[in-house]
Amino acid sequence: MSTATATRPRVLSGMRPTGQLHIGHLLGALGNWVRMQDDYECIYMVADLHALTTGYEDVRGIHANGIEMVADWVAAGVDPERSIIFRQSDVPQHAELAQLLGMITPLSWLERVPTYKGQIDELGEHLLTYGFLGYPLLQTADVILYKATRVPVGQDQLPHLELSREVVRRFNHLYGPVFPEPEAIISEAPLLLGMDGRKMSKSYGNAITLASSDEEIDKQVMSMVTDPQRIKKDDPGNPEVCNVFSWQKLMGASDAEITEIFEGCTSATLGCVADKRDLAERVKALIRPIRERREQLMVDPNNLEAILDEGAERARAIAGPVMAEAIAAMGL
Ligand code: TRP
């Protein structure tokens, strides 16, 4: 490694292996991960322990989902040579450091994290566990075990990062300056709604995943809701309220193309069906190369396991010494 690369700030981020990634992830978090590789030393983690905090009752999918997710990452451009890709449970120091952080974290800090009460209200009482309460501490351990200073996350994760910073300050205050305070880098979530206008989610069946076939994309896009006031083709439409139009703007259409679509819609010369066909072509062009790489990768999942094994080795080589520092600082 050259000295230039050795001094780049270190990034750590993770995703829970809870289901297939979709085009919203690609244009949001995952796309950012790919781009960050140019400027940062990146560590990307399959947060399988975190998946257990909410999904402990049915654990069958965790391992396989992790492999599929890594296929998505690599197919989208996360490079296992330049970046470290690993599975959280392969590096035992995550659980170990989270346990130590638990010694110094007041319960009230954890109880007031907004996602804590929010998720319990939304998902139910099975989340009233010690592990779920400790979710942000495990996340803190994920980051500081590598002394990462940048954490690309969505807006929803900011309270977790805030808690991480507080815990780091408390640790350093009690035991000396071991850990840097990590900083969030907000991944702008793209304004891509699902086909039905609701939040895009695999579980709503309204998402285009990175594994979607051309046929599936056609079907999904043709089912999209357009301007509800535009009933007949000769009715002029309002692109500002049309989900298809907001997608087109994010799908790499040029300014001239966008203007043409806008004018076609408002003058009723471009019909909704033709417009959706245009969008479907753009989506297919975006997804196709990723899907094809993904399929190739999934032909032999052992290669993906090997990426994770090698990543875990590299991760442990960083985490081990940092853990030793924390243990010594705590007088153990
Ligand atoms: N909690 C994050 C999420 O749900 C996933 C995550 C786990 C994470 N560990 C992390 C993100 C460490 C950033 C850094 O999106």
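Here are a few notes on the ligand site and on one arginine of this predicted model.

1. Start with the ligand. It has 14 residues around it, and the closest are Arg 16, Tyr 135, Gln 139, Asp 142 and Gln 157.

2. A nitrogen atom of the ligand sits 2.7 Å from an N or O atom in the Tyr 135 side chain. For Asp 142, a polar side-chain atom is 2.7 Å from a ligand nitrogen.

3. How much of the ligand does the protein cover? On its own the ligand has 360 Å² of accessible area, and the protein covers 91% of that.

4. As for where the shell comes from, strand 1 (10-15), helix 9 (135-144) and strand 4 (150-153) each give two or more residues. Helix 9 gives the most, with 4 residues. By type, the shell splits into 7 nonpolar, 5 polar and 2 charged residues.

5. Now for Arg 282, which you'll find in helix 14 (residues 272-299). Is Arg 282 buried or exposed? It counts as buried, because its relative accessibility is 16% and the cut-off for buried is under 20%.

6. Leaving out residues up to four places away in sequence, Arg 282 touches Gln 248, Met 251, Ala 253, Glu 257 and Ile 261. With one of these, Glu 257, Arg 282 also makes a side-chain to side-chain polar contact of 3.5 Å.

Definitions and conventions:
Residues numbered from 1 in each chain as written. Predicted model: local features only at pLDDT ≥ 70, side-chain atom pairs only at ≥ 80, totals over all residues. Heavy atoms only, no water. Buried < 20%, exposed > 50% of the residue type's maximum accessible area, 1.4 Å probe, protein only. Polar contact = N/O pair within 3.5 Å; in protein donor to acceptor, adjacent residues only side chain to side chain. Contact = heavy atoms within 4.5 Å. Near = heavy atom within 4 Å. Areas by Shrake-Rupley, 256 points an atom, 1.4 Å probe, with all protein chains shown as cover. Nonpolar A, V, L, I, M, F, W, Y, C, P; charged D, E, K, R; others polar.
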